[in-house]
Amino acid sequence: MFWDCAPSGSVIAGGVALAAGLALGIPAGAPLRRLGGSLLGLAGLIFVLVQGASAQLDGAGDLARVSPAAGAWCLLLVLMLLMADALAQLNPGPRARAGLLALMLVALLALLWSGTLSDLSVMQEFTSRKNAFRSAALRHLALALGSLGAAAAIGFPLGILCHRNAALRGAALPVLSFLQTIPSLAMFGIMIPILGWLAAASPAARAIGIAGIGFAPAFIALVLYALLPVVANTVTGLAATPPAAIEAARGMGMTGAQRLWKVELPLAMPVILAGLRIVLVQNIGLAVIAGLIGGGGFGSFVFQGLNQTATDLILLGALPTVVMALVAAIVMDILVDLARRIPEPLP
Amino acid sequence: MKPGMILRVALIALLLALVLKPEAFTSVFAPFAPEKGPVIYTRSSLLSLSLSHLGLVAVASVAATLVAVTLAILVTRPAGAAFRPLSRTITNVGQTFPPVAVLALAVPALGFGAGPTLVALFLYGLLPIFENAMTGLSTLPAATMEAARGLGLDRWQRLWRVELPLAMPVILGGIRLSVVIALGTATIGSTVAARTLGEVIIAGLLTSNTAFVLQGGLIVGLFAVLIHDALVQLETYLTKRNGRG
C-alpha cells in the first residue's frame, strides 16, 4: 500500500507534495502555476519512490528487487502530460525550447547518475548490463539515424525529380505508400531471404557486411519505410513554393539550378524537415523490431524480456526507446520552427 | 482503372490461395526451407490465425473509432472546448510513443495473451482517429454550417446530417492509418502470445526457416495492402460524393 511503502514521515511529505502538485497542476489557467505544480508532483513521486525502495530493501536480502507498479507509472505519465501541456500553453520559442530540453535531459541524467534510483530493479538491470546497454543504444541510434541519412540521400533527388516529372510522381508515390503499408515484421522477414541470396550470390556484397540476418536487413527495411515521408514531403514542399517567388527568381536571371538551391529548397525546408521528423520518430520505434532478427538495438532487451517474462528487461528496452523518440520529436520540431523563421526577416 | 482492378483481383486470389490452400505452394517455398525441414506451416491452420489476427484488429479498431470519434465530437462542442489543448498535447505526445513500446509496456500491466495486444492496439489506434476527427469536425466550411442552421436543423441533426458526413473522409483517413498500424502491431503481438499471423514469421525466425518467414510475411503483407487499398477507395468515393474532390 502507498502509506506503508516507506517510513511514514517520508510518505506524508511525498504524498503532500504529490497532492499539492496535482491540485496546482490540473485546474486550467495560469500555465506557470501548472508547470510548478507538475514539477512539485514529480519531485514528490520520485521522493516517495526512492524512500520506499530503500525502506523495502532494508534487510530483505541481496536478491530482493523493488519496482514501481502500474499506479506509479500512471502517475508519472499524468504528471509528464501536465508538464507538457503547461509548456505547450506557455508556447516558448524554438531557442527557449532547446534550452528547456537540454535542462530536462541534464536533470534526468543527473537523477540516473546520482544513484538515488539505483535501488529500483530497472536500474539494477541496467548496472548489470551496462556494456550491452551502451552498444544497444549506439546500434539503435545507428539504425535510426543511418536509415534517415540514407533515405534523405535517396529521397531528396527522387523528390525533386518527382516534382519536375508528373509521370514519375504518379508511379513513385503509390509504390512507396504500398511499401509503407507492409507490416514491419513481414518487411523485416522478407528482407532476410533477399539479402541472404545477395550475400550468397556476390562476395562483394558479403564483404561490406550484407547478410541475411543482423544489421543489413533491418537497415534496408527502415530505409524503405522512410522513403515515403521524405519523397512525399519534398514534393509537397516544392509544389507549395509561391509562383511569385519563382517568377521573381526567373526575372533576376537565375538558372534552373540556382532557383532550386536558392529559392525553392529553402522555402520548402520546413515541410521537408517535417517529413524527416516523421521518419525519425517512426524509425526509432520500428528499430525495436530489429531486435527480432538479430539487428541489435533496444529491441533485443524488449524481446529478451518478453521471452523470459522479465518486466525489468522489457522496461530497460522500452523506456529508453520512448525517451529517444520524444527527444527526437522535440528536436525536429525545434528545427522545423527555426527553418520556418529564416526566410521571414529578409526585407 | 482497368489494370488496377485486374491487379487487385489477382492479389485477392493469391491471398485466398495462400491462406486456404497453403500446400499448393510447397514447390514455391521449398528452396527457402532448410534441408528436410517443413516447408509449409502446419502447427495451426493459417485460416484460423488469419481470422484471429483480423478479429483482434477489427475489435480494437471499432472500439478505438467509437471512443475517438465520440471524444472528438465532445471536444469540438462549445462545452468541451476547454479540453481541446490538453487533448491535442496528449495526441501529439502519444503518437511519438512507438507502437511496439506500447505493446511491450502493456505486458507488465496486463500479462501475456490477446489482452495486452488488444489494449495496445486500441490505445494506439485512438490517436490518429481522434486527431483526424478533430481536424475534420473543426474545419467544416462556415457557409455550410450557416446554411444548416438557417434550414432550422437542431444540434443533433446538424451533427448527424451535416457535420459527420462532411468530416467522414478525413475521419476515414485516420481510421485507415490506425488500421494499418494495428495490422503491423498485431503481427508483433504474437511475441506476447496473442494468436496472430506473426506466429508464422516468428516460428520461421526461431528455426531459421525462411520458408515460414516468407509465407507469413506474404500473407500479412497482402492483407495490409488490400485493406489499405479498400479504405482508400472508400475515402475517394466519399470525398467525391461530398463534392470536395
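Student: Is the crossing of H7(A) and H10(A) left-handed or right-handed?

Tutor: In this predicted model, H7(A) and H10(A) cross in a left-handed manner.

Student: What angle and axis distance go with that pair?

Tutor: Helix H7 (residues 166–181) and helix H10 (residues 215–239) of chain A pack at an angle of about 140°, and their axes are 8 Å apart. H7(A) is therefore oblique to H10(A).

Student: Why oblique?

Tutor: Because an angle has to be over 145 degrees to count as roughly antiparallel, and the angle here is about 140°.

Student: Which residues make the contact?

Tutor: From H7(A), the contact is made by Arg169(A), Ala172(A), Leu173(A), Leu176(A), Ser177(A), Leu179(A) and Gln180(A). H10(A) contributes Leu224(A), Tyr225(A), Leu227(A), Leu228(A), Val231(A), Ala232(A) and Val235(A).

Student: And how do they divide by class?

Tutor: The contact of H7(A) with H10(A) has 11 nonpolar, two polar and one charged residues.

Student: Staying with chain A, what does the domain assignment give?

Tutor: It gives domain 1, covering 8–122, and domain 2, covering 130–341. Their C-alpha centres lie 33 Å apart.

Student: How many residues are in contact between these two domains?

Tutor: Seven residues of domain 1 of chain A are in contact with nine residues of domain 2 of chain A.

Student: Which helices supply the domain 1 side?

Tutor: Helix H4 (94–113) and helix H5 (121–128) of chain A each supply at least two residues of that side. The largest share, four residues, comes from H4(A). By class, the side of domain 1 of chain A that touches domain 2 of chain A has four nonpolar, two polar and one charged residues.

Student: Switching to chain B, what is its secondary structure?

Tutor: Chain B comes to 10 helices and zero strands. Its C-alpha trace spans about 75 × 50 × 25 Å along the principal axes.

Student: What does UniProt list for chain B?

Tutor: The UniProt entry, which is unreviewed, lists "domain: ABC transmembrane type-1" for residues 50–231 of chain B. Over residues 50–231 the chain is 84% helix and 0% strand. The end C-alpha atoms of that stretch are 19 Å apart.

Student: How do H6(B) and H8(B) pack?

Tutor: Helix H6 (residues 114–138) of chain B packs with H8(B) at an angle of about 155°, with the axes 8 Å apart. H6(B) is therefore roughly antiparallel to H8(B).

Student: Is that crossing left-handed or right-handed?

Tutor: H6(B) passes H8(B) in a right-handed crossing. The residues of the contact comprise 15 nonpolar, 10 polar and two charged.

Student: Now the two chains together: how many residues are in contact?

Tutor: Chain B has 39 residues in contact with 36 residues of chain A.

Student: Which elements of chain B give two or more residues to that side?

Tutor: They are helix H4 (84–96), helix H5 (99–110), helix H8 (155–189), helix H9 (198–206) and helix H10 (210–242) of chain B.

Student: Where does the largest share come from?

Tutor: H10(B) gives the largest share of the side of chain B that touches chain A, namely 10 residues.

Student: How many residues of that side are nonpolar, polar or charged?

Tutor: The side of chain B that touches chain A has 27 nonpolar and 12 polar residues, with no charged residues.

Notes. Residues numbered from 1 in each chain as written. Chains lettered and ligands numbered in written order. Predicted model: local features only at pLDDT ≥ 70, side-chain atom pairs only at ≥ 80, totals over all residues. UniProt positions renumbered as here; feature names shortened; annotations may be inferred. Domains from an automatic or database assignment. Nonpolar A, V, L, I, M, F, W, Y, C, P; charged D, E, K, R; others polar. Axes fitted to C-alpha atoms, helices over the stretch in contact; angles between N-to-C directions. Parallel < 35°, antiparallel > 145°, perpendicular 65-115°, else oblique. Left-handed = near helix turned anticlockwise from the far one by under 90°.
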